[in-house]
Amino acid sequence: MPSLVARVLALALRVVRKRPMESVEGAREWLHRPKEDPAPPLWVTQRHWITLREVGGFPVYTVFPRDVREPEKAVLYVHGGTYVSEISAWHWVLISRMADTGCRVEVPLYGLAPEHTYREAFPFLTEVYRELSDDVAAGRTVFAGDSAGGGLALALAQTLPGSGLPEPARLILISPWADLTMSNPDIAEVDEHDPWLSPVGMVEAAKSWSGGDDLALPRLSPVYGELATLPPLDLYIGTRDVLLPDTRRLRDLVTEVGGTVRLSEEEGAFHIYPLVPVPEGGEARAEILRTVRDL
């Protein structure tokens with residue numbers, strides 16, 4: 001049974017987040033809301049040395065571990081938010097803890113829908129990774145991301161073969177949105193139990209992010225892309241997450257082509273549970289941080 005904290009938070013999310021997204025009209029209103037301030041919270045800036053620069057007109061934060069100015073390993077973290085919402089305090093907590101393992105954490109803030117589309121994200125992220133690769137030895141960088149950011153990190157990794165850039169050592173994806181079509185028939189059953197996400201609203205966000213292109217394109221839905229050339233892949237998902245069916249499908253497809261993939265499912269947990277301050281996320285967070293520490 002989910003913890004009391006998780007149950008209370010699930011009730012709040014169902015009212016505040018899911019209900020407005022269960023209609024096309026509510027989703028479109030949400031799409032056009034003003035964006036929140038993406039800057040790291042004060043406690044993060046006090047805990048770490050942080051730099052901010054622009055790459056191709058978009059901001060990139062670099063978070064360094066305390067007392068280490070030239071770490072030998074790095075995480076490229078791509079935040080979630082359905083391609084509509086800015087990075088949140090929950091993201092910054094995990095980013096801070098990753099930096100505490102001795103890693104430099106690169107945090108690219110890609111342009112969000114409806115003002116921006118995926119077409120701008122890929123050259124931006126590729127250049128961010130190119131710059132990072134100049135500073136960190138090959139094989140010492142992890143790509144990580146959650147939800148929409150998890151799908152984007154996966155799609156970015158698929159573009160690297162033949163690019164001249166090194167592949168990351170590992171992919172760590174939390175509740176990845178790997179198929180923007182939301183066409184998996186098993187989603188309907190999970191939707192009844194998911195307190196956060198609504199497929200109706202997600203498809204509206206996906207259409208905006210796609211700029212009118214086919215949602216099944218691999219750069220939008222990497223589950224349809226090349227999976228055989230991926231580095232080892234860690235997946236984290238709760239059983240009350242509408243992205244569960246496609247995460248299992250991604251696991252199966254990677255396994256079929258001989259890839260290395262590990263799926264961690266948390267019974268009763270909802271979307272991006274390792275980022276959320278609930279007891280269920282503790283073990284997953286610890287496992288993620290161990291993976292980063294051992295890079």
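A: We begin with handedness. A crossing is right-handed if the near helix is turned clockwise from the far one by less than a right angle, and left-handed if anticlockwise. Keep in mind that this is a predicted model.

Q: Which hand does the crossing of helix 5 and helix 6 have?

A: The crossing of helix 5 and helix 6 is right-handed. Their axes come within 11 Å and cross at roughly 70°. Angles of 65 to 115 degrees count as roughly perpendicular, and helix 5 and helix 6 are therefore described as roughly perpendicular to each other.

Q: Which residues of helix 5 and helix 6 meet?

A: From helix 5 come Ala121, Phe122, Leu125 and Thr126, and they meet Leu152, Ala155 and Leu156 of helix 6. Sorted by class, this contact has six nonpolar residues, one polar and no charged.

Q: At what angle do the axes of helix 4 and helix 10 cross?

A: The axes of helix 4 (residues 89-100) and helix 10 (residues 281-293) cross at roughly 40° and come within 9 Å. These two helices are therefore oblique to each other. Their crossing is right-handed. Helix 4 contributes Leu94, Arg97 and Met98 to the contact, while helix 10 contributes Arg285, Ile288, Leu289 and Val292. Five of the contact residues are nonpolar, none is polar and two are charged.

Q: Now the rings. How many aromatic pairs does the structure hold?

A: The structure holds eleven aromatic pairs. To classify a pair, look at the angle between the ring planes: under 30 degrees is stacked, over 60 is edge-to-face and the rest is tilted. Phe58 and Phe124 have ring centres 5.2 Å apart and planes at 50°, so this pair is tilted.

Q: Which parts does the pair of Phe58 and Phe124 tie together?

A: Phe58 is in strand 2 (residues 58-64) and Phe124 is in helix 5 (residues 118-135), so the pair ties together parts 66 residues apart in sequence.

Q: Are Phe58 and Phe124 buried or exposed?

A: A residue is buried when its relative accessible area is under 20%. Phe58 has 13% relative accessibility and counts as buried; Phe124, with a relative accessible area of 4%, is buried too.

Q: What kind of pair do Tyr118 and Phe122 form?

A: Their ring centres lie 6.5 Å apart with the planes at 85°, so the pair of Tyr118 and Phe122 is edge-to-face. Tyr118 and Phe122 are four residues apart in helix 5, which means a separation of about one helical turn. Both residues are buried.

Q: Which residues do ring pairs link into a cluster?

A: Tyr83, Tyr110, Trp177 and Trp209 are linked into a cluster by ring pairs.

Terms used. Residues numbered from 1 in each chain as written. Predicted model: local features only at pLDDT ≥ 70, side-chain atom pairs only at ≥ 80, totals over all residues. Heavy atoms only, no water. Axes fitted to C-alpha atoms, helices over the stretch in contact; angles between N-to-C directions. Parallel < 35°, antiparallel > 145°, perpendicular 65-115°, else oblique. Contact = heavy atoms within 4.5 Å. Nonpolar A, V, L, I, M, F, W, Y, C, P; charged D, E, K, R; others polar. Phe/Tyr/Trp six-rings, centres within 6.5 Å; stacked < 30°, edge-to-face > 60°. Buried < 20%, exposed > 50% of the residue type's maximum accessible area, 1.4 Å probe, protein only.
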